[in-house]
Amino acid sequence: QLHGGFRSWLIFASAYDSNMSSTSQLVQTSLGATAQMLRTTTTEEACAIIRNSACQLLTASAATLYLVDKHRMLAWAFIANSTELRRVPFGQGIVGKMAAMNVIASGKQPQDLLHNYANEEDASVLCVGIVDSAPGEISGVLDVRRPRWSAHEPSLPFSENDELIALKLADAAGALIARLQTDDTIATLRAQIRQSNLAEEKMASIIT
C-alpha cells in the first residue's frame, strides 16, 4: 500500500512539474514575443515575429499572417525566405471569407472570428480574424496549421486553450499592425511636408 501510494504521488508530482514547466515556457515565449513586437519597425519583420510566436505558442509547424487590403479585395502575406507575396482574393477559402467579413455590420464576437477544423487538407487548421479596434474591421487573418505525421494518423487538433492563446495573439498582432500603419502614415506625411518645403524653397530661389 505504501509503495502504491508513493507511486501515485510520484506520478502526480511528475505531471504537476510537467504542467508547471510547460506553463513557464509558455510565459517566457509570450514575454519574448512581446519584447520583439515592441522593438520591430517594419511590417515584414512584424509578420515574421507573429508567425514564429504562433508556431511556438500553439505547437504548430506552420503559420501565416495575412494582411487585408479592402481596396483590392484580397488578403496578402509575406512568404518566409522569399521575396514573393501570397495573395488570397476575398471569398476564397477560409482566409478569404474571414478577410471579407464586416465585423461592425455583422456584430460578431471574438469567438465568432475563429475557425477550428481538425482535418482540412490533411492538417488541423486554426484561423483567427484580427480586428482593428479603431474602425472595427478585419485587418488581418492568422492561419496556423498542424499537419498529419502520416496518411494513416490524424493531425493533433487545436484545443480550447489553443483558441484562447490564438485570440490573445491576434489582439497583440492587431495592436502591432495598427502601430506600424500609424508610423507609416506619419512617415509619409513628414516626407510630403519635407518635399513641399523643398519645392517652396526652390520656387523662392527661382523667383529671387
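1. Aspartate 162 counts as buried, at 10% relative accessibility (buried means under 20% relative accessible area, exposed over 50%, partly exposed in between, with a 1.4 Å probe and protein chains only). The residue lies in helix H5, residues 160-207 (helices, H or I with at least four residues, and strands, E with at least two, are DSSP runs numbered from the N terminus). Not counting residues up to four places away in sequence, aspartate 162 touches Leu58, Leu126, Arg146 and Pro157 (a contact means heavy atoms within 4.5 Å).

2. On the basis of these values: the model is predicted, local features need pLDDT of at least 70, side-chain atom pairs count only at pLDDT 80 or more, and totals for chains, interfaces and linings use all residues. Residues are numbered from 1 along each chain as its sequence is written, and side-chain values use heavy atoms, with hydrogens and water left out.

3. The side chain of aspartate 162 meets that of arginine 146 in a salt bridge, at 3.2 Å from N to O (a salt bridge is a side-chain nitrogen of Lys or Arg within 4 Å of a carboxyl oxygen of Asp or Glu). Because aspartate 162 lies in helix H5 and arginine 146 in strand E6, the pair ties together parts that are 16 residues apart in sequence. Arginine 146 is buried too, at 7% relative accessibility.

4. The salt bridges come to three in the count. Another of them joins arginine 145 and aspartate 143, with 2.8 Å from N to O. Here aspartate 143 is buried at 4% relative accessibility, while arginine 145 is partly exposed, with a relative accessible area of 24%. Arginine 72 also forms a salt bridge, with aspartate 69, the closest N and O atoms being 3.7 Å apart. Arginine 72 is exposed at 64%, whereas aspartate 69 is buried at 18%.

5. Strand E6 covers residues 137-147, and eight of its eleven residues are buried, so the strand is largely enclosed by the rest of the structure. E6 runs antiparallel to strand E1 (residues 62-69), with six bridges joining them, and antiparallel to strand E5 (residues 123-132), with ten bridges (two strands pair if DSSP finds at least two bridges between them). Arginine 145 in E6 stands opposite alanine 62 and also opposite valine 125.

6. For the chain overall, the secondary structure comprises five helices and six strands, in the order α-α-β-β-β-α-α-β-β-β-α from the N terminus. Of the 208 residues, 33% are buried. Among contacts with a separation of 6 or more, 52% are between residues 24 or more positions apart.

7. The accessible surface of the chain is about 13,500 Å², and carbon and sulfur atoms hold 56% of that (areas come from the Shrake-Rupley method with a 1.4 Å probe, and for residues only the protein chains shown count as cover). Met203, Ile206 and Ile207 form a nonpolar surface patch with about 360 Å² of accessible area together (patches are made of residues with over 30% relative accessible area and no salt bridge; like charges are joined within 9 Å, and nonpolar side chains, namely Val, Leu, Ile, Met, Phe, Trp and Tyr, within 5 Å). Isoleucine 206 lies in helix H5 and counts as exposed, at 60% relative accessibility.

8. One aromatic pair is found in the whole structure. Tryptophan 76 and phenylalanine 78 form this pair edge-to-face, at 5.2 Å centre to centre and 80° between the planes (rings of Phe, Tyr and Trp, the last by its six-membered ring, pair if their centres lie within 6.5 Å; planes under 30 degrees apart count as stacked, over 60 as edge-to-face and the rest as tilted). Phenylalanine 78 counts as buried, at 18% relative accessibility.
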